[in-house]
Amino acid sequence: MEYTSTRDDTLRVSASEAIVKGLAPDGGLFVPAEFPRVSPEAFYGLTYPQTAEKILRLFLTDYDPAFLKTAVEQAYGADRFSGKAGFLAHVEERLWSLELWHGPTCAFKDYALQLMPKLFVEAKKNLGDTGTTKILVATSGDTGKAALAGYAGLPGIRIAVFYPDAGTSEVQRLQMATQEGENVAVYAVRGNFDDTQTGVKRVFADLALAERLAQKNERLSSANSINWGRLVPQIIYYFYSYAQLVAQNGVAAGDAVDYCIPTGNFGDILAGYYAKRMGLPVGRLICASNRNNVLTEFLATGRYDVRRPFYKTESPSMDILVSSNLERLLYHTTQDAAAVAAWMAQLTQDGFYTLPEDVLSQIREIFLGACADDAQGREEIRVRFAQNSYLCDTHTAVAFCAARTAMPTTASPCVVFSTASPYKFPCAVLGALGEEGAVDEFDAMQRLMKKTNVPVPESLASLREKDVRFTDVIGKNEIPQIAFSL
Ligand SMILES: *Cc1c(COP(=O)(O)O)cnc(C)c1O
């Protein structure tokens, strides 16, 4: 299997190269040059690691199959994800929740970040790269911890995570500050997330620094969600959940299932498009957005327009205006790299682009957009708990709202992706259930547990007792020196 770029499809690279490089030299994203076809039945009755192995072998053809088998066992084996990798909960008639938050950091990003670091280290080996890779991550919360947990202890890797001082929740800060491992470092950066991100981006663009690092046989890399190594693990749970749905008689084998995904950077939902192109009977992919509803508007009108206010919401991991992975969908739909490059250039220059009618209608055959604001999300949390005894977080709530909007238009069963544990956002969830006035997030966790009897994940409950290892607060101008000496 070879990979090409969304902006120049004469390019050809291996999976290992795509994963180590992250971004194509022309600024485009790496995509598979073709879609492997599989039969959904081939996945019935498989465990999660077996499903993972089958999918990865189709895409990572230059990897040693024995390595892949070990890697998926280490990432998703029976003792990982609390034994609940790909756990599908029945919520009500025709509606399921795929709980993707049973991993070490309680958000769905663990599925990619428990595996991708291993794929990265192996790719370096495949390419004969013996240097040290320094991973720099700017995070507003969730990605930082998931990346730390994934890269901690890996050979040839050092990782530094930067987050805005006072910009994360207390739980998120403690999750990062208590991270163990000798190859990890965590810094609070004075200012907001933009300051942090600008500081890190400047380091990646610093050619003189890259040269000084190269002399030590060191290279910088990022762990962000446009890397193919983060996308491919997300295809797995579409196949796994479909097989489970068939086994639970939720759908007749071969019939279509809709998926509804709380969306930010468009990675998780795009993986569903890949699953569909590979032969899984995916019906509609429902793209759920919060008040930052660029994608809802885009799917309705064909105009992608970021000239709008940015809202901070109670589903912060979806607070995004530029959904990078959408570029991959545009390429697959049009097969026209020059057109994609032109739209992306226009987006950077003018802040918008508009798709031709025929391209939009192809996309709309599969994708449906819907959005919900914080008040609608809170109401959804309340109603789900009251009616279905089902407790969900603020991101999942947005998806439940979107699913309800979309369901009357389709007759298929629907799987909503539940992307974070309700205990990651305990104040908002507790508030939605009508209880205000928690002293802090730990108090909110305790009260939420008392009210709902849903257990607090061990990794969050134990946070208060763990040693805080990282307390440095830095200015963004110190990031280059940290990157050098890391
Ligand atoms: C990252 C994230 C999302 C958005 O996923 P994308 O792949 O970026 O669209 C949704 N919910 C949670 C909890 C997340 O952490």
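Phe266 sits in the loop between strand E10 and helix H12 (267–278), where helices (H or I, at least four residues) and strands (E, at least two) are DSSP runs numbered from the N terminus. Although Phe266 is not a glycine, it has a positive phi of about 70 degrees. At 1% relative accessibility Phe266 counts as buried, a word that here means under 20% relative accessible area, while exposed means over 50% and partly exposed lies in between, with a 1.4 Å probe and protein chains only.

The structure is a predicted model, in which local features need pLDDT of at least 70 and side-chain atom pairs count only at pLDDT 80 or more, whereas totals for chains, interfaces and linings use all residues. Residues are numbered from 1 along each chain as its sequence is written, and side-chain values use heavy atoms, with hydrogens and water left out.

## The chain as a whole

The chain holds 22 helices and 16 strands. Along the principal axes, the C-alpha atoms fill a box of roughly 60 × 55 × 50 Å. Of the 486 residues, 58% count as buried.

With a contact defined as heavy atoms within 4.5 Å, residues 24 or more positions apart account for 75% of the contacts in the chain with a separation of 6 or more. The mean positions of the 47 positive and 56 negative charges are 1 Å apart; Lys and Arg count as positive and Asp and Glu as negative, while His and the chain ends are not counted, and the place of a charge is NZ of Lys, CZ of Arg, CG of Asp or CD of Glu.

## Residues in loops

Asn249 is found in the loop between helix H11 (233–247) and strand E10 (257–262). Asn249 is not a glycine, yet it has a positive phi of about 60 degrees, and at 70% relative accessibility it counts as exposed.

Ser412 lies in the loop between helix H18 (394–406) and strand E15 (414–418), and it is buried, with a relative accessible area of 17%. Leaving aside residues up to four places away in sequence, Ser412 touches Arg94, Ala256, Val257 and Asp258.

Phe310 has its place in the loop between strand E12 (303–305) and helix H14 (326–334), and it is partly exposed, with a relative accessible area of 46%. Again not counting residues up to four places away in sequence, Phe310 touches Asn292, Asp319, Ile320 and Leu321. Phe310 and Val454 are 144 residues apart in sequence, and their C-alpha atoms are 33 Å apart in space.

## Cysteines

A disulfide is a covalent bond between the sulfur atoms of two cysteines. When it is defined as a pair of cysteine sulfur atoms within 2.5 Å, the count comes to 0 disulfides.

Cys371 is partly exposed, with a relative accessible area of 31%, whereas Cys392 counts as buried at 1% relative accessibility.
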